[in-house]
Amino acid sequence: MDYLLKTGDPAKLKTPCLVVGIFSKRQLSPLAQQLDKSCKGALQRIVKRGDMDGESGQQLLLYDLPGIEAERILLVGLGKQREFNRKQYTKCVTAVTKSLNQNHAMEAIWGLCELLSGDLTLQQAIRETIVSAEASLYKFSETKSEVKKIQRPLKRLALFIHDRRHLKTAQKALSQASAIATGITLTKNLANLPGNLCTPSYLADQARKLGRDESRLKVRILDEKQMAKLGMGSLLSVSRGSRQPAKLIIMEYSGGRPGAKPVVLVGKGLTFDAGGISLKPSAAMDEMKYDMCGGAAVFGTIKAALAMDMPINVIGVVPASENLPDGDANKPGDIVTSMSGQTIEILNTDAEGRLILCDALTYSERFKPAVVIDIATLTGACIVALGNQASGLMANDDALAKELLDAGSDTGDRAWQLPLWDDYQEQLDSNFADMANIGGKGAGTITAACFLSRYTKKFKWAHLDIAGTAWRSGAHKGATGRPVGLLTQFLLRRCGQ
Ligand code: BES
Ligand code: MN
Ligand code: ZN
């Protein structure tokens with residue numbers, strides 16, 4: 001969808017539909033009050049008849065109000081003014097864009113951006129509007145043979161800004177938000193594809209596609225031979241259990257000063273996780289196509305950086321592999337040697353994410369990174385701990401952890417920090433190798449991070465466990481695009497925006 005800004009006398013806005021808010025107890029928002037004056041109290045009179053009290057979720061479509069140029073006015077109930085916060089706002093964007101998409105207007109002016117004062121800045125409101133609007137209209141149809149076309153879908157949404165002095169900031173927020181929305185959509189599209197289509201080679205092709213005709217993005221793909229030469233015995237041991245060859249995808253985005261240290265994003269790109277010889281139970285195993293969501297989030301974040309021309313250097317590293325139970329697959333008890341030289345006893349072949357990430361993390365040393373952040377659907381235990389609301393965050397640097405937590409609260413794409421104390425490390429002790437790949441019963445999310453911490457000693461590092469946040473199950477099964485919102489905000493803050 002196209003987004004733009006509109007300002008001026010609200011009564012004179014020429015548009016098929018103008019969206020206006022009403023708070024509980026028939027309290028007109030400032031924009032509604034202004035319009036009410038232009039139509040000599042008609043709005044107030046309609047509201048008094050009782051069709052629109054301003055309760056959250058209500059919508060009322062009005063046609064041809066006297067003195068108002070807009071063809072339609074869509075009145076939207078916002079609930080109690082004092083309780084109107086980000087969550088309410090997002091709910092309202094989602095519901096209203098869905099009905100605008102159905103009501104044949106095709107274009108609309110959105111008059112709700114300036115309603116939030118305490119809890120959201122104008123910039124945040126604009127971002128929230130665009131990101132939530134895109135999310136509410138998103139449909140994955142690449143693998144449907146027939147797509148139901150909506151008659152006259154919403155094509156353009158103009159955000160009404162009353163105060164001209166805010167136009168410049170608003171414009172910046174608008175272009176950033178559209179870029180972020182594009183990134184989130186890419187992440188969802190990659191993630192929602194099934195494992196038979198979205199293979200490591202497919203991901204590699206998508207990376208090349210992203211870099212095509214883009215002087216700011218250099219893409220390199222390492223094949224298994226090249227990985228073997230680098231000594232990535234851990235990563236390759238996982239892909240040995242599958243017929244699809246592993247790929248190491250490297251995307252270098254140079255938007256910052258030449259030579260400025262890059263932020264390195266390492267995303268788990270496990271295109272299907274059957275568990276290997278430690279086979280998973282079959283219930284909901286289809287959802288393990290989403291085990292590449294960390295990688296997909298790296299793609300999406302880089303796409304967003306490109307789209308908004310972000311002034312920063314970012315390198316995406318995506319180790320891509322399947323985890324299947326072939327005759328040549330890892331067996332419990334097998335010992336492999338990682339690129340770092342450390343040996344690993346594989347006690348559970350289903351703890352494969354850390355096995356591919358450790359070599360990708362060691363590989364990242366060569367970029368002399370400012371910081372490294374890995375993003376992974378790493379542990380079921382993280383869903384037990386945090387549910388589907390927050391991503392798990394662990395880090396070897398508290399300042400970096402704080403930056404990520406703040407970026408999360410800024411955007412509503414939140415993370416919650418778990419401790420990475422040394423006390424947990426002994427759970428990884430092995431009788432036969434330098435470490436085991438599992439840490440026993442307790443604190444599965446933390447011991448997974450402890451494992452990774454042994455490969456990140458040379459840089460500042462944070463780990464996001466997105467097992468609970470990357471996709472939804474059930475009737476609305478689908479990728480969420482998280483944590484692209486958090487990561488882009490982190491990068492924007494890093495370049496002072
Ligand atoms: N990809 C899974 C983690 C996962 C499971 C994410 C369910 C989302 C939903 C990961 O590779 C895995 O299997 N982890 C194991 C680790 C265990 C063997 C120590 C897990 O969480 O059960
Ligand atoms: Mn697994
Ligand atoms: Zn996995």
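Mentor: Helices, of at least four residues, and strands, of at least two, are DSSP runs numbered from the N terminus. The model is predicted. With those names, Glu426 lies in the loop between strand S17 (415-417) and strand S18 (435-436).

Trainee: Why is Glu426 called exposed?

Mentor: Its relative accessible area is 58%. Exposed means over 50%, so Glu426 qualifies at 58%. Glu426 also belongs to a negative surface patch, together with Asp422, Asp423 and Asp429.

Trainee: What makes that patch negative?

Mentor: The members are Asp422, Asp423, Glu426 and Asp429. Asp and Glu count as negative, so the patch is called negative.

Trainee: Which residues form a positive surface patch?

Mentor: Lys98, Lys139, Lys144 and Lys148 form it. One of them, Lys144, sits in the loop between helix H4 (122-137) and strand S7 (156-160). With a relative accessible area of 57%, Lys144 is over the 50% cut-off and therefore exposed.

Trainee: Why is Val47 called buried?

Mentor: Val47, in helix H2 (residues 42-51), has 0% relative accessibility. Buried means under 20%, so Val47 is buried. Its C-alpha atom is separated by 36 Å from that of Ser175, which is 128 residues apart from Val47 along the chain.

Trainee: How many disulfides does a search of the whole structure find?

Mentor: The search finds 0. For Cys92, the nearest cysteine sulfur, that of Cys113, is 10 Å away. A disulfide needs two cysteine sulfur atoms within 2.5 Å, so Cys92 is in no disulfide. Cys92 counts as buried, because its 8% relative accessibility is under 20%.

Trainee: How do you know that the sulfur of Cys358 is too far for a bond?

Mentor: The closest cysteine sulfur, in Cys450, is 14 Å away.

Trainee: What makes Lys14 and Glu69 a salt bridge?

Mentor: Their closest N and O atoms are 3.3 Å apart. The cut-off is within 4 Å, so the pair counts as a salt bridge. The pair links distant parts of the chain, 55 residues apart: Lys14 is in the loop between strand S1 (2-6) and strand S2 (18-23), and Glu69 is in the loop between strand S4 (59-63) and strand S5 (72-77). Lys14 is exposed at 66%, whereas Glu69 is partly exposed at 40%.

Trainee: Why is Asp273 called buried?

Mentor: Its relative accessibility is 3%, under the 20% limit, so the word applies. Asp273 forms a salt bridge with Lys280, with the closest N and O atoms 3.9 Å apart. That is within 4 Å, so the pair is counted.

Trainee: How far apart are the closest N and O atoms of Lys477 and Asp286?

Mentor: They are 2.7 Å apart, and since a salt bridge needs a distance within 4 Å, this pair is one. Lys477, in the loop between strand S20 (471-472) and strand S21 (478-479), and Asp286, in the loop between strand S11 (269-273) and helix H9 (293-308), are 191 residues apart.

Trainee: Why are Lys477 and Asp286 called partly exposed?

Mentor: Lys477 has a relative accessible area of 39%, and Asp286 has 39% relative accessibility.

Trainee: How many salt bridges does the structure hold?

Mentor: The structure holds 24. Glu214, Arg216 and Asp309 are linked in a network of salt bridges.

Methods: Residues are numbered from 1 along each chain as its sequence is written. Chains are lettered from A and ligands numbered from 1 in the order in which they are written. This is a predicted model: local features need pLDDT of at least 70, side-chain atom pairs count only at pLDDT 80 or more; totals for chains, interfaces and linings use all residues. Side-chain values use heavy atoms; hydrogens and water are left out. Patches are made of residues with over 30% relative accessible area and no salt bridge: like charges are joined within 9 Å, nonpolar side chains (Val, Leu, Ile, Met, Phe, Trp, Tyr) within 5 Å. Accessible areas come from the Shrake-Rupley method with a 1.4 Å probe; for residues, only the protein chains shown count as cover. A salt bridge is a side-chain nitrogen of Lys or Arg within 4 Å of a carboxyl oxygen of Asp or Glu. The place of a charge is taken as NZ of Lys, CZ of Arg, CG of Asp or CD of Glu. Buried means under 20% relative accessible area, exposed over 50%, partly exposed in between (1.4 Å probe, protein chains only).
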